[in-house]
Structure formats: structure tokens, C-alpha cells
Amino acid sequence: MTRERARGGAGPGVLGIVSVLLGAGVGEVVAAFLLPGASPVAAVGGALIDAAPSWAKDTAIAWFGTGDKAALLVGIAVVLAAVAFGAGVWERRRRPFGALLVAVLGVVGAVIAVARSDGAPLAAIPSLLSGLTAALTLRALVAMGERATGERSSALSGAEAQPDRRRFLIWTAVATASGLAAIAVANVARTAARNVEALRAALRLPAPATAAPPVPASVELGIPGLAPVVTPNADFYRIDTALVVPQVAPEDWSLRVHGMVEREVVLTWDELVASPLQEADVTLACVSNTVGGDLIGTARWRGLPVREILARAGVDADADMVLSTSIDGFTASTPLEALTDDRDALLAIGMNGEPLPIVHGFPVRLVVPGLYGYVSATKWVTELEVTRFDRTTAYWTTRGWSERGPIKLQSRIDVPRGSAPAGDTVIAGMAWQQHVGVRGVEVRVDGGPWRPATLASAISDDTWVQWSLPWTAERGTHDIECRAIGADGATQTDAVAPPAPDGATGWHRITVSVA
């Protein structure tokens with residue numbers, strides 16, 4: 001490295017990255033043991049998620065799907081590395097402004113963490129320590145770098161400068177390794193702090209008082225490439241605002257029901273599992289699902305009907321909404337009638353015969369047929385506030401989304417995909433409108449007449465249904481469209497609308513090359 005490069009370029013910039021890496025590691029370790037939700041990276045990432053407008057959310061999901069959070073973390077790391085690089089260069093040129101910059105980043109992180117934790121003072125500590133560590137490390141490494149290159153003592157001979165160079169390289173390596181090790185320790189500590197996965201694995205669900213009947217074989221058409229009616233847990237879509245997945249032990253969980261009620265009710269885990277539970281097959285869908293998208297899935301859920309816990313509390317006749325709150329602060333506004341009518345709205349503890357996976361809300365989440373998840377499917381739920389729409393707003397409604405979020409009639413084409421051989425083949429897909437049901441599906445090819453497809457049996461009106469249509473494919477390129485007909489006689493609209501503010505609409509259309 002030349003002296004000129006050390007003075008203004010990659011050398012100090014790299015030291016900035018090393019310093020911030022160590023600072024971030026210290027902050028993550030402290031947060032892991034003190035207050036996991038106060039992780040500097042999680043606090044900043046959560047704030048970005050909260051501040052993102054609807055179009056940014058839709059774009060992220062469209063580009064990255066369920067990998068949107070991983071993409072956000074990568075983006076944060078890239079931006080942080082760029083800022084750290086600049087801070088290192090600035091520290092060399094205009095000491096101590098580079099160190100001050102990374103210290104300010106720590107202060108900003110602390111303010112965000114406190115704001116996101118409802119003012120808990122301890123939440124500021126990880127970010128403050130992160131900024132302080134990064135600032136002190138940057139000052140020390142830049143000073144050592146100057147001595148190592150002889151910039152402060154140009155009269156030193158090469159032999160005299162060797163110990164300083166070795167010391168500089170050693171401390172830079174130590175800082176880098178320590179930062180990486182600290183981040184690894186933080187990840188292990190977060191997992192092991194409560195060992196929630198081990199608790200989940202050891203948990204045995206109580207048998208339901210009202211079991212769902214076996215899923216009939218007739219719900220599956222047996223067509224390769226067609227989505228299964230019941231979605232395996234590992235394949236179930238995940239869309240939520242939790243950058244760090246909450247780790248909640250069952251014995252620490254409780255649900256508070258309050259607001260416009262005759263009496264406040266607190267339900268513990270032991271009380272919940274001792275209650276008469278029921279099973280229900282329900283399809284959940286994300287409002288961000290585009291026409292033909294895959295942010296939808298069906299599971300057999302096990303839990304306590306929400307109407308029963310609301311009945312214990314005694315709901316005020318003027319109430320029309322229940323605001324559910326997650327342990328991470330997310331809120332959803334659910335129409336009261338959807339939780340008190342005859343639908344299978346559940347405080348769910350089981351999914352496809354096993355305890356809820358942690359990423360899907362373990363130990364308890366809400367499941368409400370007929371509503372998009374953003375107004376109903378609160379994971380890690382800890383509060384139900386009985387209130388009114390004209391008094392309270394929820395997380396996504398404050399960002400311009402619809403208050404009530406009923407599922408819209410939709411259908412999609414799963415096969416063929418992209419290409420098909422000439423001759424006899426099949427067009428097949430899925431259709432849904434939970435809590436209404438699907439009466440039929442129609443398909444047309446190249447703008448021709450609509451042809452009725454054959455429906456498989458549906459588990460219930462609360463689940464999606466498979467459909468198929470035989471097709472004699474001729475060589476060339478073909479456009480295929482589908483539309484569903486609801487159990488109420490309504491036909492799926494062809495009007496194209498984006499997901500915001502209340503769900504996408506339009507007919508799913510694919511182009512197929514036949515050879």
C-alpha cells in the first residue's frame with residue numbers, strides 16, 4: 001500500500017468497516033442477553049419496515065417473496081458498510097469526525113430501539129455500546145495505521161517501523177475476528193436463551209374436543225405441478241413484519257382481553273390447553289398476493305374459538321372491532337362479527353397436527369377464515385382489545401390499507417408452466433374465496449369461448465379448491481386465462497387492481513409455448 005493510498009483511500013475505509021463490524025457485534029451480543037428486541041440491526045430494520053410505504057412493501061414482496069427480510073438485512077449491511085467505509089476515510093482526513101459519525105449512528109439506533117420498545121430505557125444500551133465501541137476502535141486503528149506507515153514519524157527507518165506494522169495488522173485482525181465471533185455468539189445466544197425450539201419439539205398438543213374429519217381423497221386431482229390442497233408446514237408462506245422472530249416460551253405466554261368489555265380476562269397457556277379445543281381446515285392468504293401469486297396456503301389448525309374467550313369477557317354492544325396485538329407490537333383490526341359468528345376463528349396452537357412452527361406464531365396465533373392476514377392472522381398474539389373502527393387503527397390501516405380486508409374471489413393456473421407438448425394435456429389450478437366458497441371455474445384459450453372446468457371436492461367453503469380442464473394443445477404460442485365463480489353466484493372480476501389497498505384483482509393469464 002502506498003502512503004498516498006493509506007492517507008485517503010482503501011486503508012482507512014477498511015478500518016471503518018472493521019470498527020463498525022466490531023461495534024455491531026458488541027451491540028448484538030449485549031442485546032441477545034439483555035433485550036433481544038433491542039438488537040441494533042433489528043431495531044433499524046424494524047423501523048425501516050414500519051416506515052416503508054405500501055408501494056415499497058409490495059415491491060419487496062414482488063421481487064423477493066418470502067425472502068424479503070433476508071433482502072432487507074443484506075441491504076442494511078451494504079449501506080452500513082458504505083457508511084463505515086466513508087467514516088474511516090473521514091477519520092483519517094478530518095479527525096475525529098469519522099469516529100463521531102459512527103458514534104452518532106449508535107445514538108440513532110438507541111433512539112429507534114427505545115421508540116420501538118415503548119420507551120424501555122434498557123433498549124438503548126446495545127446501540128449506545130455499539131456506537132461507542134465502533135468509535136473508539138476506529139480512532140485506535142487509524143492512529144496505529146498512521147504509525148505503521150510512518151505517517152506520524154517519517155524519520156523512522158523500515159526496520160524501526162516493523163513492530164508498529166505488525167501490531168497494527170494484529171489488532172486489525174483481532175478486531176475483525178472479534179466482530180464476527182460476537183455476531184455468531186449473539187445468534188447462538190438468541191436461540192439458546194429460552195431454547196424455545198426445544199420446548200416446542202417436546203410439546204404434545206392436547207387432543208381436540210371437536211376433531212376435523214379426515215381430508216377426503218377427492219380433494220386432490222393428482223395432477224403433477226398442481227399445488228396440494230393442504231400445504232406442508234415447511235412450504236407455508238411467511239409474510240410478517242418481524243425481522244427477528246419472537247421466541248416465546250409457552251409458560252411465559254398469556255392473552256389479555258380488554259377494552260369495551262364487561263370484565264377484563266387474562267388467559268394463560270395452561271388455561272388455553274385445558275379448554276375444549278377444535279380443529280378446522282382454513283386457507284390463509286396474504287393481501288400482498290398478486291393475481292396468480294403463491295402467498296396462500298391451507299393448514300389444519302387446532303385451537304380455541306375466539307368467540308368463547310370474547311364471551312367470557314362480555315362484549316359491549318357498541319363495539320365493532322377487535323384490535324389484536326403481537327408480542328412484537330404488530331396490530332391487526334378484525335371486524336368483531338368475524339370473531340363472534342359461526343366461522344372457525346381460532347386462537348390456534350396447532351398446525352397440521354403439530355405445535356405451531358415458531359415462524360408461524362408459536363405458541364399462539366389468530367386464524368380467521370375469510371379475511372386477509374393483515375387484518376386477522378396476528379402471530380405471537382398477546383392482546384385482544386375490543387373497540388371500534390372509528391376509535392382505533394391498526395398497523396397496516398395507518399399505512400393506507402383497508403380496515404376490514406375480506407378475501408376476494410380468485411383463481412390461478414398452476415399447469416402448464418411455460419411450455420407443453422403438443423397433443424392431449426390438461427390445464428389445472430386453484431380457486432378460492434374463503435367463507436364464501438367456489439361454485440365453478442371457467443377457462444378460455446386465445447380469447448375463445450369460456451369453458452367450464454371440473455372442480456375437485458372442497459374440504460369446506462373456508463379452503464381453496466383444485467380444478468382442471470382437458471386441453472388438446474396445438475403447436476404455437478397460446479394465452480390461457482381463468483376466472484372463478486363464487487358460491488354466491490358472483491363471477492371473478494376482470495378489472496385489474498394492485499394488492500393495495502384491499503387485495504389484487506383481475507384474471508390470471510399465462511402464455512404457453514407448445515412444441
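**Exercise 1.** In this predicted model, find the bridge partner of Thr-425 in β17. Then place the two strands β13 and β17 in their sheet.

*Solution.*
- Step 1. Thr-425 has Trp-471 as its bridge partner in β17.
- Step 2. Look at the strands: β13 spans residues 423-432 and β17 spans residues 465-473. Nine bridges join them, in the antiparallel sense.
- Step 3. Widen the view. The open sheet has four strands, ordered β11-β13-β17-β16, with antiparallel pairing.
- Step 4. β11 (410-415) and β16 (454-455) are the edge strands, each pairing on one side only.

**Exercise 2.** State which residues of helix α11 are buried, and where they lie around the axis.

*Solution.*
- Step 1. Helix α11 covers residues 306-313. Its buried residues include Val-306, Ile-309, Leu-310 and Ala-313.
- Step 2. These four span an arc of only 100° around the axis, so they lie on the same side of α11.
- Step 3. The general rule: an α-helix has 3.6 residues a turn, so residues three or four places apart point the same way.
- Step 4. Gly-314 follows α11, with a positive phi near 75°.

**Exercise 3.** Trace the contacts of Val-306 beyond its neighbours within four places in sequence, and describe the largest nonpolar core.

*Solution.*
- Step 1. With those neighbours set aside, Val-306 is in contact with Leu-339, Ala-345, Leu-346, Leu-347, Leu-366 and Leu-384.
- Step 2. The largest nonpolar core has 79 residues. Trp-301, Val-306, Leu-347 and Leu-384 have the most contacts inside this core.
- Step 3. Strand β7 (residues 346-351) gives the core its largest share, five residues.
- Step 4. Another core, of 20 residues, lies apart from this one; among its members are Leu-409, Ala-431, Leu-469 and Ile-480.

Notes
Residues are numbered from 1 along each chain as its sequence is written. This is a predicted model: local features need pLDDT of at least 70, side-chain atom pairs count only at pLDDT 80 or more; totals for chains, interfaces and linings use all residues. Side-chain values use heavy atoms; hydrogens and water are left out. Two strands pair if DSSP finds at least two bridges between them. A nonpolar core is a set of buried Ala, Val, Leu, Ile, Met, Phe, Trp, Tyr and Cys residues joined through side-chain atoms within 4.5 Å. Buried means under 20% relative accessible area, exposed over 50%, partly exposed in between (1.4 Å probe, protein chains only). Contact means heavy atoms within 4.5 Å. The arc is that of the directions from the helix axis to the C-beta atoms.
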